[in-house]
Amino acid sequence: MNELLSLLSRYGYLLILANLFLESVGLPIPAAPILIAAGAAAAFGSLKILNVLMIALAACMLGDLLLFLAGRYTGWAILGFLCRLSVNPETCILRSAESFYKRGRLTLVFSKFLPGINTMAPPMSGSMNMRLAEFLGLDFLAASLYISLFAGLGFFFSHLVSAIADGIASLRHVFYWSLLLGLVVYSIYRLRNYWKGRLYRNVARVSVQDLAAKLASSEGAAKTLVADTRSHGYYDRGAMRIRGSVRLDPNAIFEEMSQLPKEKEIYLYCT
């Protein structure tokens, strides 16, 4: 924290702008520490609190807007990319989509305080075709709550922040070793998942034409089951789907699988 305060005294608002923007576009750079430090720096007179709030808000909303537009025009592509570094990539999108589908606006307002969801909420809003004006209004509220809380903590408890920083400085080596251990454990976990998932990298696929030809024949149709596995928000009862297909909820896929007929060829699709 002392080093952060020193950096803020030299680079000030530029550091706040860069940190908030990079954190909002998905980089694993926590924004809370620099907001607390910026609030403390404002209390000590190095920065102006109003400028801190305005610059942080602008940087945060700019990053969120870029992710919103990326979600609007790329759909699942950007969501899949953002989920690759999560602890559970297989369920990252589905859990985020389910949360957003059930509590859409509320999830967006408090998304900044939810690890993982904070990065997923803007592109999820874009991919689900939320109106731009509505997104900007909710995102402004979310960013304002988040920035005001942490910058306010630093501003009103500046002397306490300084005392805590001094205490943490004495435990620096413990912190570094703990961080290194965490990175090693995380790397081992990802390697384990990579090795475990090697069997599923070559998924059998069928072309639209081949499946249509199979369904066109009475014998092929009798032996074929087509399942729609679109996630919440991308599927509803009025959505266009393949005629005769059944609905499988991707968030309860193992329960749904137990009810499928064993004697049929099952084809899954998601749009």
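Guide: Let us begin with how elements are named: helices are DSSP runs of H or I with at least four residues, numbered from the N terminus. The model shown is predicted. In it, helix α8 covers residues 132–156 and gives the most to a nonpolar surface patch, with 5 residues.

Visitor: Which residues make the nonpolar surface patch, and about what area does the patch have?

Guide: The patch has an area of about 1,000 Å², and its members include Leu106, Phe110, Phe113, Leu141, Leu145 and Leu160. Leu145 lies in helix α8.

Visitor: Why does Leu145 count as partly exposed?

Guide: Partly exposed refers to the range between under 20% (buried) and over 50% (exposed) relative accessible area. Leu145 has 36% relative accessibility and therefore counts as partly exposed.

Visitor: What confidence does the predictor assign to the protein?

Guide: The average pLDDT is 78, and 72% of the residues score at least 70. Among the elements, helix α3 (residues 49–74) has the highest mean, 91, whereas helix α9 (residues 158–169) has the lowest, 60.

Visitor: How many residues does the largest nonpolar core have, and which of them have the most contacts inside it?

Guide: A nonpolar core joins buried residues through their side-chain atoms. The largest one here has 20 residues, with the most contacts inside it made by Ile16, Leu20, Leu35, Tyr146 and Ile147. Helices α1 (2–24), α2 (32–44), α3 and α8 each give two or more residues to this core.

Visitor: What does Tyr146 touch beyond four places away in sequence?

Guide: Tyr146 touches Ala31, Ala32, Leu35, Lys112 and Phe113.

Visitor: Lys112 carries a charge-bearing side chain by name; which residue forms a salt bridge with Lys112?

Guide: The partner is Asp64, with the closest N and O atoms 2.6 Å apart. This pair links distant parts of the chain, 48 residues apart: Asp64 is in helix α3, and Lys112 is in the loop between α6 (104–109) and α7 (117–127). Both Lys112 and Asp64 are buried.

Visitor: How many salt bridges does a search of the whole structure find?

Guide: The search finds 5. One of them joins Asp228 and Arg247 at 3.9 Å, N to O. Asp228 is in strand β1 (residues 224–228) and Arg247 in strand β2 (residues 246–247).

Note on methods: Residues numbered from 1 in each chain as written. Predicted model: local features only at pLDDT ≥ 70, side-chain atom pairs only at ≥ 80, totals over all residues. Heavy atoms only, no water. Patch = residues over 30% accessible without salt bridge, like charges linked within 9 Å, V, L, I, M, F, W, Y side chains within 5 Å. Areas by Shrake-Rupley, 256 points an atom, 1.4 Å probe, with all protein chains shown as cover. Salt bridge = Lys/Arg side-chain N within 4 Å of Asp/Glu carboxyl O. Buried < 20%, exposed > 50% of the residue type's maximum accessible area, 1.4 Å probe, protein only. pLDDT = per-residue confidence, 0-100. Core = buried A, V, L, I, M, F, W, Y, C linked by side-chain atoms within 4.5 Å. Contact = heavy atoms within 4.5 Å.
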